[in-house]
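Please open the model in your viewer and keep the selection tool at hand.

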Amino acid sequence: MDTARYTELFVTESREKLSEISNSLLQLERGESSESIAELFRAVHTIKGMAGAMGYSAVAELSHEMETLFDRLRSGVVKPNAAIVETLFAASDALSEGIDDAVNNPDRSADIVHVVSRLREHTEETPKTFTAEFTVLQSAPQASAERSVRHVRIDSRRLDRLMNLIGELVIVRGRLNDITARIGDAGLEDTAVDATKLIASIQAEIVASRMVPVWQVFDRFPRLVRDTARNLGKQVDFHIEGKEIEVDRALLEEIAEPVMHALRNALDHGLETAEERAASGKSPAGRLTLSAERDRATVVVRITDDGRGIDPALVLGRARELGLVDAGTSSLSDDEVIRLISRPGFSTAREVSEISGRGVGIDIVDSRVRSLGGSLDLRSSPGQGTTVTMRLPLTLAIIRALIARLDSELYAIPLTHVVETFQLRDGMMTTDDGRHSIVVRDESVPAIRLRERFGVTGSCEVLEQVVLVDIAERRSGLVVDEFLGQQEIVVKQFDPVRDAPQYFSGATIMSDGSPVLILDTASVI
Amino acid sequence: MSHTVLVCDDAVFMRAMVSDILLQAGFEIVGEAENGSQAVEKYKSLRPDLVTMDIIMPEMGGIEAVREITKFDPQARILMCSAMGQQALVDEAVQAGAKDFVVKPFQPSRVLEAVQRVLG
């Protein structure tokens, strides 16, 4: 039988099952046995059936062995204990690897002998003469059932192609609107308006069809948190909130890594050991929360811990050592602390641990989030904990941007961070030691003349315009020559010029076919 | 006229596989169910000529679904899809009213033979 076309279905569905297995094992470990064992049994049973059909014998064999042990646990002949749970975690890791190998490296035969023999040791705690009463599983409605809405599975590449096509269509729409404006025919204008509306609806539908709930990635984290906390000898009470929030599939895959880094950081640097916590009157288990929340066209992901927080004195000391602040500096503002710890290579960890503390913490998270068109914020109060906030666009492919002109060049400024725009009137801007600032409603904010930043010579002959942006709750004004309006742009990645300052996150094509650079607002500021 | 089939399995993968085998043999797939209670509900509304039924499913298992369906329609033609080593369950399903069974992993020819026996 030609099984090739089933591979994708197999991969998707077995990943879902692996995710369920991971969650159910964590429940089992917490002592919530009966329901989780029933789910575990069904999940490995499904994987076994699929693997059998695909001819993945190692996967089928391993899932069969796991199923046998779950069957014994279910019938109560074997009682769950820490050693069994540990073996099951190892087996589910091996199963996951086995699935990857079966699909991607069919020549490599997964080594399952060891884990199978561990499973059998537990299984054979049963008297050999025992015949399990095989009863049909019945269970109360479960979490996964709530999630199941009627779906049609579509090859994700097809959605990517559709998204690309709609991107091209958006460009053509722009061109159509330009031509229509030039010709000035009423009938043509009406048609162009209709076409524009329809294209917008199609685009919205396609964007929506690419949306997936964050649990598809967040479900990996409970296991990671458990293992990491274990390695560190810490206790943690981990919660996930807003699992059902939906974001673009491509974005979700991209945020997995920065979220993982932030969680590891929180576990390693943020949370204290049970003894330290007890000494400061806290509960022995640290609380760690990962939440997702929708805020207009952005998604806000927060990682909050109730650990020791960031000690500004420690940051200051390290900054002095590295020569990042003047020797005379005696205190740091919150913003300065954040800016310092986001610098590549900055770490106050006294020793490098396996988990983090190699100086690849916050700066990696920061640069990843920024490259996705988002922003990172970090708030900490010593002794109380730290919150890392990532604000991200809902989709990566199409964004709304402000088109601005500097001399004869156009630039796109993503609206994600734009608060407002206004005209720069005489006397609004003051300059001190080469640094500009503007007073906006009694608040002085730093201002950046993009002409100066990008080395555009000459001066602006009209009244300049200011874009007020807000990145991680810090406001700044970007000064440009003129605005040409707001529009949706299709983001095209590009390779930055070597050694040039990285002020741009990508490029887009305008309706007349000309390329325009997309400003990476955070790096300009 | 081609026979109508309701395919019941909690795995999309398995439903796709069974559906493909039957579609290629000229059957019409009128519905899919991902658990026993959906299977019962859909049987009542669709009245298919044939049901393929997985045994292990969430919410309501396949055997329970066979009982419910045959209670509603004693003439229902249900083919059980079992994994290896489930002989005891298959026997139970047959007692509950299932007409025949096939064992996973499926061989298309075996599936079709069994289907013919059930419909025969």
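**The whole chain.** Select chain A of this predicted model. The secondary structure of chain A comprises 17 helices and 18 strands. Chain A has 525 residues, of which 47% count as buried. Its accessible surface is about 26,500 Å², and carbon and sulfur atoms contribute 49% of that area.

**Helix 10 and helix 1.** Next, select A:R226 and A:E29, whose side chains form a salt bridge with an N to O distance of 2.8 Å. A:R226 belongs to helix 10 (residues 221-232) and A:E29 to helix 1 (residues 7-29), so the pair ties together parts that are 197 residues apart in sequence. A:R226 is buried, at 10% relative accessible area, while A:E29 is partly exposed, at 31%.

**Helix 3.** Now select A:D71 and A:R74, which are joined by a salt bridge of 2.7 Å, N to O. Both lie in helix 3 (residues 57-74), 3 residues apart, about one turn of the helix. A:D71 is buried, with a relative accessible area of 8%.

**Strands 4 and 7.** Proceed to A:D295 and A:R391, a salt bridge whose closest N and O atoms are 2.9 Å apart. This pair links strand 4 (residues 286-295) with strand 7 (residues 385-393), across 96 residues.

**A surface patch.** Finally, select A:D185, A:E189, A:D190 and A:D194, which form a negative surface patch. Within it, A:E189 lies in helix 8 (residues 186-209) and is partly exposed, at 37% relative accessible area.

Methods: Residues numbered from 1 in each chain as written. Chains lettered and ligands numbered in written order. Predicted model: local features only at pLDDT ≥ 70, side-chain atom pairs only at ≥ 80, totals over all residues. Heavy atoms only, no water. Patch = residues over 30% accessible without salt bridge, like charges linked within 9 Å, V, L, I, M, F, W, Y side chains within 5 Å. Areas by Shrake-Rupley, 256 points an atom, 1.4 Å probe, with all protein chains shown as cover. Salt bridge = Lys/Arg side-chain N within 4 Å of Asp/Glu carboxyl O. Lys, Arg positive; Asp, Glu negative; His and termini not counted. Charge placed at Lys NZ, Arg CZ, Asp CG, Glu CD. Helix = DSSP H or I, 4+ residues; strand = E, 2+ residues; numbered from the N terminus. Buried < 20%, exposed > 50% of the residue type's maximum accessible area, 1.4 Å probe, protein only.
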